[in-house]
Amino acid sequence: VCECGSGRLHQHQTQHSHCQATADWLLSNTQVQPTVGIVCGSGLGGLAEMLKDRQVIKYSDIPNFPQSTVHGHAGQLVFGTLKGKPCVCMQGRFHLYEGYSIQKITLPMRVFKLMGVETMIMTNAAGGLNQDYKVGDVMIIKDHINMPGFAGVSPLTGPNDDRFGVRFPCMSDAYDRELRQLAHDVAAELSYSDFLQEGVYCVLGGPSFETIAECRLLHKLGADAVGMSTVHEVIVARHAGMRCFALSLITNRAVMDYDSQEKANHEEVLEAGRQRAEQLEKLVSTMVARLELNNNNN
Ligand SMILES: O=P(O)(O)O[C@@H]1C[C@H](O)[C@@H](CO)O1
C-alpha cells in the first residue's frame, strides 16, 4: 500500500521515501550540499563545466534516477561551486517523449529540494514564435502555457504529498520576479540587452516539431516560444517551494508560413546552443554570484 495515506496501492515513482533515499545517497556521495540547482537544456551542457571543484555522478549510478536518452544531454549530475555558491547541475534533462512518466522526469526536483536546494535555474532550447525573435536570442521566461496540463497531464496528478507542498499550488508567480529583474540587470551590464527577450514559453509533448498550423495557433494563444520541457520541472519545483528562474535559447524560428522551405531539426538546435553558449554561461554565472539565498518564497 502506498505511503501517500490514501490506503490504496499506488506506483508513485516520486514517493517521498524514494526521493529521500536518492537525496541521502547523493549527499553521502558528494562533499557539496547544493543550494542552487541548474538544469541544462539541449546543447547547453557547458553550463556545468563552469563549476569549480567538480564532482560528477552518472545518472546510471544514482538510485531511482532515469537515464538520458537524447543527443546533447550527457546524463550526469555535476556538483561543485559556482562563484562560491554550492550547486548541482543536471547535465542532461528528461523529457516526456522519452517515455518516462511525467512524475519520473521531474523526480530530480524533489530530490534537489530534499538536498537543500532553494533556487532552481532551468534552461532550454526553444523555437521562436514571436516574429521579433531571432535565432540566438535568449528569452527570460516570464510565464508558461502548459499544453499537456490542458489535457490533464500534470506531474502533480495523484494523491498530494503534503510534505512537498499543497494540493493546489499557485502558478501565477511561477517565475520569480526578482530573479527576472536580476537577469535584466546582469544582461544590461554585460551588454547582452540586444539579444535578451522576455516572454511566454509553451510546452508540448514532442518529439515531433510543430506543424505550421500548430505554430500559428500557439502564437495566437500568446506564446512567444515553444519547446518540450521545463514547465513540468517548474511545476514540481514551485509545488515544493523552490524559487524558479528559466531561460530559453531561441535555436530556430518556428515555421509559420506555407511558402517557407525551413525545416526544424535537432542539429540546428545544438548548433545554436554552441554559438551562444559562452554568453549564456556568463549570464547565468553572474546571476548566481549575486543570488541571495534563504528563500522565503514558499
Ligand atoms: O531540453 P530542451 O528543452 O532544451 O530540449 C529541446 C526540446 C527537444 O528535446 C529538443 C529539440 O531539438 O531540444
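This tour moves from the ligand and its surroundings to an aromatic pair elsewhere in the chain. The model is predicted, so local features need pLDDT of at least 70 and side-chain atom pairs pLDDT of 80 or more, while totals for chains, interfaces and linings use all residues. Residues are numbered from 1 along each chain as its sequence is written, and side-chain values use heavy atoms, without hydrogens or water.

Select the ligand and its shell. The ligand is surrounded by 13 residues, each with a heavy atom within 4 Å of it; the closest are Ser-42, His-95, Tyr-97, Ser-229 and His-266. By class, the shell has five nonpolar, seven polar and one charged residues, with Gly counted as polar and Tyr as nonpolar.

Polar side-chain atoms of Tyr-97 and of His-266 each lie 2.6 Å from an oxygen atom of the ligand. For Ser-229, an N or O atom of the side chain is 2.5 Å from a ligand oxygen. The protein covers 96% of the 350 Å² of accessible area (Shrake-Rupley method, 1.4 Å probe) that the ligand has on its own.

Colour strand S5 (119-128) and helix H8 (266-289): each supplies at least two shell residues. Helices (at least four residues) and strands (at least two) are DSSP runs.

Finally, select Phe-65 and Phe-94, which form one of five aromatic pairs (ring centres within 6.5 Å) in the structure. The pair is edge-to-face (planes over 60 degrees apart), at 6.1 Å centre to centre and 75° between the planes.

Key
Polar contact = N/O pair within 3.5 Å; in protein donor to acceptor, adjacent residues only side chain to side chain. Phe/Tyr/Trp six-rings, centres within 6.5 Å; stacked < 30°, edge-to-face > 60°.
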